[in-house]
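Dear colleague,

Please find the structure below, followed by a summary of the findings. I would be grateful for your reading of it.

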Amino acid sequence: MIGKLGLYLQYPFVRYALIVGVLIALCSSLLGVTLVLKRFSFIGDGLSHVAFGAMSVAAVMNLTDETLLVLPVTILSAVLLLRGGKRAKIRGDAAIAMISVSALAFGYLIMNVFSTSTNLSGDVCTTLFGSTSILTLTKQDVVLCIVLSLVVITVYVLFYHQIFAVTFDESFAASEGIRTETINLVIAVITAVIIVLAMNLVGSLLISALVIFPALSAMRLFRSFRSVTVFSAVLSVICAFSGMIVSILAGTPVGSTIVAVDVLAFALCSAAGRFGGVHL
Amino acid sequence: MALITVKDLALGYEGQKIVGGLTFEVRTGDYLCIVGENGSGKTTLMKTLLKLQDPLSGTIELGDGLLRNEIGYLPQQTLVQKDFPASVREVVLSGCLGKGGFHPFYTREEKALADKQMERMEVLDLADRSIRDLSGGQQQRVLLARALCAADKVLVLDEPVSGLDPRVTEELYTLIEKLNKGGITVIMISHDIDAALKYASHILHIGKTVFFGTKEDYLKSETGRQYAARGGEER
């Protein structure tokens, strides 16, 4: 088995997939803690459907670099959802559901009506479940992913305390002079960037799992914001890495294997939390 | 010069007036209680004082060199905080974030300040515990320590004792009284008219009639007598 793994690791596309997978898992789990606590667990789902819609448009328009269209559209939707949340007429979960299903429907519709591909259902399936796209990354994709991940991690570390304050108590944060609108904007933008990156890995239907499971698992065990954040990042990386190895060896789809490992980790953490949690 | 001078303030949402004609001032060392029925605009007034919301009309002036972010705030607890994984120290330290715009790390002074305020609120021994594991009274003291880190001249408290049992309520009131005696100006929203009359130096009553004055004058006024009597009956 080790030999088989060694053989696969000689291929650059397998190495690319592992690098990208680990980075995406790390980034998504960082934001996950905040999103879960802000009661925005489903934002990942909503945004990824928007990204799917944008991707269909990009495919139909025959754009060479889909990200150029998908990223701005997703960022815009994230900003509208997370920022407008308070004043909007349709709020929170309803707004997310509305945007998510309509983007999904229009995306599929556009793909069907204007399709240029011969294997339509294969294309759709890939976008929804990310089945093979992680293994077809070009060197350019990998570089883009590394750069964006580093940006996300840097921004998160620099704004860590403000993100905590805004997540824990937005009115207090505003009263002491933190620019809560700006911090919410930062959260929205990096959420969107992560979603677009993660679409390559698990596809748009399974992204929420990557965002919420590590955070939820960490919250079963740990009790301070910092330990929850650190543990969820570590756990997410471990799950993504082992999920990818399993999928390579067993020939299972990458995205769903990673999510299955995340679910398993959550079950273990819940059990461990019940029998005496760590009080850190 | 007063710390806070409010002139002819009208409050509301989207042009809908809730309450108008508010004129009052707060001086250093005052203990002002804001009383009135639900929906009379108490919380809206507080948010306006903290500049979280704009008034419909009227002015709020700060005097004696008081800056807007030198007003410490104890908001009502939100649903999100009930199961939030955060240590007491993390929460209290977040009160230090208002001092500088860009703030990736806490300085040694800020950590010392947080320790000092935790000690003052008698929660230093809980510093590494998670806030969701504490009792209601302990949580309020932690949030008071956070407010004191942000500002120790003026404290604005929104229903600080709601949901607490009578003994803990009494303890918290005593603690707030001690802070006030130590020179901190207190502005408190309260449902509890008895406590307002016991601890406050000034009363602002908002509702159909608006009253502002010292506690003694309030008790002599028609509004005050009626409200105090009804507050007594409700219990």
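How many residues of chain B are in contact with chain A? The contact comprises 22 residues of chain B and 24 residues of chain A, two residues being in contact if their C-beta atoms, placed from the backbone, lie within 7 Å. On the side of chain B that touches chain A, 12 residues are nonpolar, nine are polar and one is charged. In this classification Ala, Val, Leu, Ile, Met, Phe, Trp, Tyr, Cys and Pro count as nonpolar, Asp, Glu, Lys and Arg as charged, and the others, Gly among them, as polar.

This is a predicted model, in which local features need pLDDT of at least 70 and side-chain atom pairs count only at pLDDT 80 or more, whereas totals for chains, interfaces and linings use all residues. Residues are numbered from 1 along each chain as its sequence is written, and chains are lettered from A and ligands numbered from 1 in the order in which they are written.

Chain A

Chain A contains 13 helices and zero strands; both are DSSP runs numbered from the N terminus (helices H or I, at least four residues; strands E, at least two). Its radius of gyration, 19 Å, agrees with the value near 19 Å for a compact globule of 280 residues; the radius is taken over C-alpha atoms, and the globule rule is 2.2 Å times the number of residues to the power 0.38. The C-alpha trace of chain A spans about 55 × 45 × 30 Å along its principal axes. Of the contacts in chain A between residues at least 6 apart in sequence, 75% join residues at least 24 apart.

Chain B

The domain assignment of chain B gives domain 1 (1-38 + 51-66 + 201-235) and domain 2 (69-191); such bounds come from an automatic or database domain assignment. Between these domains of chain B, 11 residues of domain 1 are in contact with 11 residues of domain 2. Strand β3 (residues 31-35) of chain B gives the most to the domain 1 side, with five residues. That side of domain 1 of chain B has eight nonpolar residues, two polar and one charged.

Chain B also has an open sheet of three strands in the order β2-β1-β4, with antiparallel pairing; strands pair if DSSP finds at least two bridges between them. Its edge strands are β2 (16-26) and β4 (57-62) of chain B. Strand β1 (residues 4-13) of chain B pairs with β2(B) over seven bridges, and B:V6 has B:F24 in β2(B) as its bridge partner.

With kind regards
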